[in-house]
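Student: Please walk me through how to read this fold. Begin with the domains, then the packing.

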Amino acid sequence: MPEKLQQLIEMFQMFDPADRTSLLLSYADQFREVPSSIATRPFPKSHQVPQCESDAYVWARKQPDGTLKLYFAVENPSGISARALATNLDKTLSGLTPKEIATVGCDIVEQIFRQNISMGKGMGLMAMVNAVQALARAAA
Amino acid sequence: MATPIEQRGYTHPDALVSTDWVEQHLTDPKVRLIESNEDTLLYSSGHIPGAVHVDWTSDLNDQIRRDYITRAGFEALMSKIGATKDTTVVFYGDKNNWWACYAFWVFQLFGHTNAKVMDGGRVKWLKENRATSKDAPAYPKTDYTSSERNDAPIRAFREDVLAHLKKQGQLVDVRSPEEYAGTRMHMPDYPNEGALRGGHIPGAKSVPWAKAINPEDGTFKTAAELKTLYCEDNKLSPAGETIAYCRIGERSSHTWFALKYLLGFTNIRNYDGSWTEWGNLVNVPIEK
């Protein structure tokens, strides 16, 4: 697992449920939407995360050094969990090579969210990770 | 603007309160606001001031079996949120009150009838730019004593559904048309949670839950509109024994609430096993 992501997961594991909730909300607050230089509304369906009711979109752009930069949009105003995960993924995976990003599995969702996850919501968030993984594989 | 609740012709209008009513009772010690959502982060991101959080998964479900909490669990929950038998609990939440209605329904299993739902739920409150707070309130712990859980009046198990089928009783399938038809086994944009067969229980009428609400603000439609939808278009009789179901019982709690309290269906139960049970059962009848 990429080092930054491993550190993030270890940090979440140290926290009790209340602090984990606060941390997730702070990540949601830090969410930055995809810039218009990458994509504008209406966002193309080809970038929409399937099975995510938060209406999330993901893009991966190759940088000159061969690494990827991830971008996200979350159209559902209540999509707080999706925004928190998007921020986490951007902070820990952007700047890595496609090959490194492609190793990340959707089990990180449970490790990050723990009790802050519902049945339907969890699958949607896992679909976001799978979408990132698919883009990384395509770019590799 | 939605028609005032008391002018909508409901059978039991007291079961529903407006956002205005809630705002006027924010500091009423006899009222406990309860937020219940699908997304467990939403409450902490900002809720109605003074509202407590009741999570369907961790607070209302048994953590081992697929069942609800026991009497002891309910007593502990009510004591924790500082409720007494005289407390009016008012539920609201995301998804146009899916989970709020689900929590309301579970509370009825324990006979806490002093309960209401806030019309329009969380979205309406926020759209109206009303106050929110990130502070979790602390209420003095009470010593709530509950009666034993009584499932029979409002909860149907699979044996009940099979018996109901033999009697050709009324069934309402509140899932999407695609789930009803068996062309998909999960909600649009939701994952497949494991039903092996698609379709619906024979004879069930397809009335997707969301038809009961006004999409612009999540409020319930008037009694006249609901009667047209359920009684005229789908030939459901308020006097007939009725069972509602969906995927796990959350959407059908919403319909159960509308039929029981707003249209006065006298004998309606929620089959919470719903399609995740029926679609996996061996040798039960399915229609497509």
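Tutor: Domain bounds come from an automatic or database domain assignment. For chain B the assignment gives domain 1 (5–127) and domain 2 (158–278). The model is predicted: local features need pLDDT of at least 70, side-chain atom pairs count only at pLDDT 80 or more, and totals for chains, interfaces and linings use all residues. Residues are numbered from 1 along each chain as its sequence is written, with chains lettered from A and ligands numbered from 1 in the order written.

Student: How many residues does the contact take from domain 1 and from domain 2 of chain B?

Tutor: Two residues are in contact if their C-beta atoms, placed from the backbone, lie within 7 Å. The contact takes 22 residues from domain 1 of chain B and 20 from domain 2 of chain B.

Student: Which helix gives the largest share of the domain 1 side in chain B?

Tutor: Helices are DSSP runs (H or I, at least four residues), numbered from the N terminus. H5(B) gives the largest share of the side touching domain 2, eight residues.

Student: Which residues have the most contacts inside the largest nonpolar core?

Tutor: A nonpolar core joins buried Ala, Val, Leu, Ile, Met, Phe, Trp, Tyr and Cys residues through C-beta atoms within 7 Å. Buried means 20 or more other C-beta atoms within 10 Å of the residue's own, placed from the backbone. The largest core has 70 residues; among those with the most contacts inside it are B:Ile34, B:Val90 and B:Phe104. Helix H5 (residues 94–109) of chain B gives the most to this core, 11 residues. The core draws at least three residues from each of domain 1 and domain 2 of chain B.

Definitions and conventions:
Buried ≥ 20, exposed ≤ 12 C-beta atoms within 10 Å, placed from the backbone. Helix = DSSP H or I, 4+ residues; strand = E, 2+ residues; numbered from the N terminus.
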